[in-house]
Amino acid sequence: MARVFLAAAGLVLGCLGPAAVLAATVAVEPGPEALRKALARAAPGDVLQLKAGRYRGPVRIERPLSLVGHPETVIDGGGAGTVITVAAPDVVLRGLTVKNSGASLEREDSGIFVTVAGSRALIEDNRLAGNLIGVYLKGPRDAVVRGNRIVGRKDLRVNERGNGVQLWNTPGSVVEGNEIRHGRDGIFVTTSKQNSFRDNRFGELRFAIHYMYTNDSEVSGNVSRGNHVGYAVMFSHRLTVRDNLSDGDRDHGFLFNYANRSQIVGNAVRGGAEKCVFIYNANKNSFRGNRFQGCAIGIHFTAGSERNEIAGNAFIGNRTQVKYVGTREVEWSVEGQGNYWSDNPAFDLDNDGIAERPYRPNGLVDQIVWRQPLAKLLLNSPAVQVLRWAQSEFPALHPGGVTDSAPLMAPPDGAGTTER
């Protein structure tokens, strides 16, 4: 029986490999060279538990292991280069304070830099402050950045700052549950695919999330407060943008520039942005169940954007609900369902929830004012009032643009729930 047990144990250990056999948990005391020496001695699979205190960076991790910190464990880069470089797969960084990287964008100085060799890295529950770039995933697959608090630098000009989390060519990576403030952009991703950014919170940034050349990905459940732009999605395709909130962002809640074939569902913008949504040369997207409220312009639609479906949304209390500078006819209802417009004085005689008359957000006067802003001086003149009346009585005078043939009498249930 004993032989059978030993044989089975040997088989299990053999399957786990030599790293599992030799892995150990090692306590590390703070000191100037303590961390570098501990990393040099560590075996694959080891867990290095860093006791409270200050450790000197930069350090480089070249084998699979875990660095686990105490609430008062600090790894300090001393203002030069990258503080921690991960150059091995399956590395875990958890519970650390990482601070004081260098300040060179050319060198990509970061708090934590994960190379192409760092696939499946887990960066969790850390605190990062005073770094140029907080976390940079440059090339690994399936990395996770979760539950970190990242505070960027604000002593530099915006264009000199780094991003909270930066990603390049990192398929399958996830960024979730982080709190990111200051720096340039909260999350900046370029040339990647199959990423998920969810349940993060952003404040005091240029863009909360900045997408470039990234396809087949998800942005969901994020909250952007007090940034210049909430979500800037550019040159990216087949995205799911769901249940995000832009609250008090300054310029745009959402910006879509050459973002195509995406689903934009259940999002909300509130708090007085210049534009709730700016759609610029973006095509074949579906906007449904969103709530755009309290902006100077609800939706600005321009530059030849075509074949977008916009239905089941609520446009509430925007000073101008739609700005569409064009003469092409655009229909914003789908299969008998349009959108809710808070300024639509409509009747619903058959009580089916659909207004009896189409809603046209823009008329001849809007087109004239957009093209000739000085014409605003004439808005209260008798001539303009006659023009408005004539257009309402003779629809053939309508200059083209957006028509909602089935406007809703009330906001759709659950459209862009904003209680977060």
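So, F256 is buried, at 2% relative accessible area, and F254 is buried too, at 1%. Buried here means under 20%, exposed over 50% and partly exposed in between, with a 1.4 Å probe and protein chains only. Bear in mind that this is a predicted model: local features need pLDDT of at least 70, side-chain atom pairs count only at pLDDT 80 or more, and totals for chains, interfaces and linings use all residues. Residues are numbered from 1 along each chain as its sequence is written, and side-chain values use heavy atoms, leaving out hydrogens and water.

Now the pairs. Rings of Phe, Tyr and Trp (its six-membered ring) pair if their centres lie within 6.5 Å; planes under 30 degrees apart are stacked, over 60 edge-to-face, and the rest tilted. That rule gives 13 aromatic pairs. One of them is Y213 with F235: centres 5.4 Å apart, planes at 25 degrees, so it's stacked. Y213 sits in strand β22 and F235 in the loop between β25 and β26, so this pair ties together parts 22 residues apart in sequence. Strands, by the way, are DSSP runs of E, at least two residues, numbered from the N terminus. Y213 is partly exposed at 44%, and F235 is partly exposed at 30%.

Back to F254 and F256: their centres are 6.1 Å apart with planes at 5 degrees, so that pair is stacked. Together with Y231 and F287, they form one aromatic cluster.

Last, charges over rings, meaning NZ of Lys or CZ of Arg within 6 Å of the ring centre and within 35 degrees of the ring normal. R206 has its charged end over the F207 ring, 4.5 Å from the centre, and K275 does this with F278 at 4.2 Å.

Definitions and conventions. Helices (H or I, at least four residues) and strands (E, at least two) are DSSP runs, numbered from the N terminus.
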